[in-house]
Each structure stands twice: as C-alpha cells, then as structure tokens.
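Colleague: Could you walk me through one part of this model in detail, and then show me what surrounds it? I'd like to follow it on screen as you go.

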Amino acid sequence: MGLNRISLYTDGACSGNPGPGGWGALLIWGEHRKELNGGEAATTNNRMELRAVIEGLKAITRREPVTIYTDSTYVMKGVTEWMRGWKARGWKTASRQPVKNRDLWEALDAALQGHDVSWTWVKGHAGDPGNERADELARAGIRR
C-alpha cells in the first residue's frame, strides 16, 4: 500500500440490539495510523456501523483515494446499490417505506463527497488485522 491510498477499516458493535453501542475506525496511510471510536447509550448495530464510516471519513484531511474495509453488507450495499434509488424516491425504499437510519445515510452521503472511495467487504472475526482492530475499538466505544 502506497502513500497515495488511505485504508479505512470500520466496525460497529452493540450490547443488545438495540442497546449500548460503539463504533471504531482505523485509518492507515503509509506508516501513519489513526484510531477513532465512540459510542451511544441506546442505539443499534447498523447505526454504529454507519457512524464508524462517517467518523472515519470526516477524519480524513487529505484528498487521496480511500478504500473502506467493512464487514457490514448493510453499509456497503446501502452506498453502492441502494442509496441512489432511495434519494431518487425521496429517501423511500423500493416498497415506498421510509429509509431506516435516514439521518445517518444522509450524513454518510455528505461525508463521501469529495472522496474517491472504493469498498471492500471483509469477513468479520476472521483474522483480518484491520477489521479485528476496528472491532476492538468499537467494543471499547461501548464502554465509553
């Protein structure tokens, strides 16, 4: 991985769903690493997955290509497959229901602006070092 690409590993966690939750993000740019996390008292796993990506993107100050590594198909498919249709339908699903977590989807849409992003799905809890660290950060976020 060269200095011209940023890797963003993200994860969300919940103790109960809904329940106390945490998010974690690990940014890697060359030899540089930045770890972020936070939590909420009453939330869901999907909201924490979204928050991890939003906060990770907001922490990027360089305009370099970004690869987002996530174990959340919800977040990845939401951006790469569903969001365009949701926006075209006024943030409604294909069945005309309101999009759940719209506030965070809109925040993620805004955070993505100006970034050249590619997405990579990683299997959770399967030994990927970046994903494992993001998971640790998310779990620590629950306790914050």
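**A buried glutamate and its surroundings**

Modeller: Let's start with Glu-55, which counts as buried because its relative accessibility is 19%, and the cut-off for buried is under 20%. Bear in mind that this is a predicted model. Glu-55 sits in helix 1. Setting aside neighbours within four places in sequence, the residues Glu-55 contacts are Trp-23 and Leu-36.

Now look at what else helix 1 does. The largest nonpolar core has 29 residues, and Leu-57, Trp-105 and Leu-108 make the most contacts inside it. Two or more residues each come from strand 1 (6-14), strand 2 (19-29), helix 1 (45-58), strand 4 (66-70), helix 2 (73-88) and helix 3 (102-112). Helix 1 is the biggest giver, with six residues in this core. In general, nonpolar side chains in soluble globular proteins tend to be buried together.

To see the packing, click on Leu-108. Not counting residues up to four places away in sequence, Leu-108 touches Leu-50, Val-53, Ile-54 and Leu-57, along with Val-75 and Val-79. There is also a second, separate core of six residues, among them Tyr-9, Ile-28, Tyr-69 and Val-122.

That brings us to strand 1. Nine of its nine residues are buried, so strand 1 is largely enclosed by the rest of the structure. Both of its faces are covered: Ile-6, Leu-8, Thr-10, Gly-12 and Cys-14 are buried on one side, and Ser-7, Tyr-9, Asp-11 and Ala-13 on the other.

Strand 1 also pairs with two other strands. It runs parallel to strand 4, joined by five bridges, and Tyr-9 has Tyr-69 as its bridge partner there. With strand 2 the pairing is antiparallel, through eight bridges, and Asp-11 is partnered with Gly-24. The hairpin of strand 1 and strand 2 has four residues between the strands, and Gly-16 in that hairpin takes a positive phi near 90°.

One last stop is Gln-113, in the loop between helix 3 and strand 5 (117-121). Its side chain reaches the backbone oxygen of Asp-109 at 2.9 Å. Pro-98 is 15 residues from Gln-113 in sequence, and their C-alpha atoms are 23 Å apart.

Note on methods: Residues are numbered from 1 along each chain as its sequence is written. This is a predicted model: local features need pLDDT of at least 70, side-chain atom pairs count only at pLDDT 80 or more; totals for chains, interfaces and linings use all residues. Side-chain values use heavy atoms; hydrogens and water are left out. A nonpolar core is a set of buried Ala, Val, Leu, Ile, Met, Phe, Trp, Tyr and Cys residues joined through side-chain atoms within 4.5 Å. Buried means under 20% relative accessible area, exposed over 50%, partly exposed in between (1.4 Å probe, protein chains only). Contact means heavy atoms within 4.5 Å. Two strands pair if DSSP finds at least two bridges between them. A polar contact is a pair of N or O atoms within 3.5 Å; within protein, one must be able to donate a hydrogen and the other to accept it, and residues adjacent in sequence count only if both atoms are side-chain atoms.
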